[in-house]
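This briefing covers strand pairing, salt bridges and aromatic contacts in one structure. Please read it alongside the sequence and the coordinates.

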Amino acid sequence: HEHEVEPQPDHEHEVEPPKELVPWNFGSKKRRQIASDSEEEEGEDISKQQEEEGKNEIEDVEEEEDVGEDTEEFENGLLLSQKSIEEQEASWLEAEAAEAAILTNQNNPSILNPSTPAPTTTTTTPTVASVDSSKSNAEISFDEEVASLLHVKENTHFKTELLEGGATGKTYRLSASEPNGGDKDLCLRKLDDGEAESLIKISQILGEANIAPKVIASNHHLLISELVNASSVTVTSLGLNEKVIGDQLENVADLVAKLHKKIPKESIDFIPSRDESSYWLQKALHSLPNLSSDIVQQLKHKVEQINLIANPSTLIGVAGMISTTHGDLHPGNILISSNSSSAWLVDFEHVGPRPVGFDLGYFFAVWGDLTYMAGWKPSEERPVPYPSYEARKVFASRYLKGMGEAASKEGVDDFLFQIEVAGLRERLRLMLIWILISKGDVNHMMVGAVSVFLPHLDKAIALYQDIAQSNDASLRATVCEKGLLVAAITRKDTSGY
């Protein structure tokens, strides 16, 4: 899966944002790795020296003035220079290359035991491959194993190349050069213990429905599928602002509706449902045991609050329909063919039965976050990045039609409001993932981002509660237009916002 690189923001003529804006710089284009499998992401290791350099170079945004002394040090970590970002990405590439060596077949290493070279092949007459049952796992070479899975001649030579943006560095282009000169490129996914059975089943179900690339072969630790001629969706192709609606937006809406409508939850009854907020909270706190007790208590309280607001019983309409959801739905996991005629989903570690609104709330949140890398700039009206109202309306209208629902203006706005409610939980989930990215470093810039966003969540919860109690149509319309988080941060009324 070839992935396009988002354009970097131009820092040469930056205008200082107004006061009370949130510093916003994740410094990473690896959002697929951030959301796909958080325990294995390549986190950013920002040293004190890099932080100091970042302060002296071009700053992306002003520090938020009213956050308080306790978070000021963390916020400084957000002000990374573009040079620092490139250095981090270089370190990621080195780490990926190291992991790629595990699967490359130099000297025919065994995929089960990469340090053990496979025996030299002495066969001179090509035969259909069949792994010798008398051999131990350590003696089965990578070439032999893949040849057996694909039912090709046993002296076929295979090469692997790490695919950019592949799930946590475990997805490869597999090139099979047969003795007769034929070439066949496929996609190879390395599977971890405990995930193989469910991932294979999910991939087969979605492949047969033409929602994912079709599975060619698999065993307990390898999944081989079609290598589609496609690239990940970019933020530009979705829409950067209210004036630019991306040309791929409706294709993505069609694909997501197809997943939610065509694959009922009964199709994945082998995957248990889980309490998402508690699941991510436990992972985050386990990864950072020395996180300040104040932040820990705030996060626990937010989980309790948001679970009462956004759950299967409170989401209404289409957004509350429980179906098969991707669980990690963001632009990097959506592939569009070069001629825009086909689209596929990839990376299924978090597929599960949920209200579909959670998939869409997460998609909108990450889409918004990624607009920073495409040149988004903060303003008084939009202090944090989020997809425009016009783009979200186009998506919602197309999605509802794909689900067989009416897409009137009122129906679209009602649907968008429910996505904002679901998005509260998904924003909290992203904050917990930020903690996972910190890799145990309490001074990491992403821990600072969490401390900055906690007050924003408080405001968003308060705004939702006001709407629920007053049924204020004007406030509701503002949430649909701006998004709940942006509407809450920019809200000005007698309560002091």
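A salt bridge is a side-chain nitrogen of Lys or Arg within 4 Å of a carboxyl oxygen of Asp or Glu. By this criterion the structure holds 22 salt bridges. The model is predicted, so local features need pLDDT of at least 70 and side-chain atom pairs count only at pLDDT 80 or more, while totals for chains, interfaces and linings use all residues. Residues are numbered from 1 along each chain as its sequence is written, and side-chain values use heavy atoms, with hydrogens and water left out.

**Salt bridges**

- Glu161 forms a salt bridge with Arg173, with the closest N and O atoms 3.9 Å apart. The two residues are 12 apart in the chain, Glu161 in strand β1 (residues 157-162) and Arg173 in strand β2 (residues 171-177). Helices (H or I, at least four residues) and strands (E, at least two) are DSSP runs, numbered from the N terminus.
- Glu161 is partly exposed at 48% relative accessible area, whereas Arg173 counts as buried at 18%. Buried means under 20% relative accessible area, exposed over 50%, and partly exposed in between (1.4 Å probe, protein chains only).
- Arg398 and Glu250 form a salt bridge whose closest N and O atoms are 3.0 Å apart. This pair links helix α12 (residues 389-402), which holds Arg398, to helix α8 (residues 249-262), which holds Glu250, across 148 residues. Arg398 is partly exposed at 30%, and Glu250 is partly exposed at 36%.
- Asp369 forms a salt bridge with Arg427, the closest N and O atoms being 3.0 Å apart. Asp369 lies in helix α11 (residues 356-370) and Arg427 in helix α13 (residues 409-437), so the pair ties together parts that are 58 residues apart in sequence. Both Asp369 and Arg427 are buried.

**Aromatic pairs and charges over rings**

- The structure holds nine aromatic pairs. Rings of Phe, Tyr and Trp (its six-membered ring) pair if their centres lie within 6.5 Å; planes under 30 degrees apart count as stacked, over 60 as edge-to-face and the rest as tilted.
- Tyr279 and Trp280 form an edge-to-face pair, 5.2 Å centre to centre with 85° between the planes. Tyr279 is partly exposed at 28% relative accessibility, while Trp280 is buried at 0%.
- The ring centres of Phe363 and Phe364 are 6.1 Å apart and their planes stand at 45°, so this pair is tilted. Phe363 and Phe364 are both buried.
- Ring pairs link Phe363, Phe364, Trp367, Phe395, Tyr399 and Phe415 into a cluster.
- The charged end of Arg274 sits over the ring of Tyr279, 3.8 Å from its centre. The charged end of Lys201 sits over the ring of Phe270, 5.0 Å from its centre. The criterion is NZ of Lys or CZ of Arg within 6 Å of the ring centre and within 35 degrees of the ring normal.

**Strand pairing**

- An open sheet is formed by three strands in the order β6-β8-β9, with antiparallel pairing. Two strands pair if DSSP finds at least two bridges between them.
- β6 (230-232) and β9 (343-345) stand at the edges with a single partner strand each, so one side of each is left without a neighbour in the sheet.
- Strand β8 (residues 334-337) pairs with β9 in the antiparallel sense over three bridges. Leu335 stands opposite Trp344 in β9.
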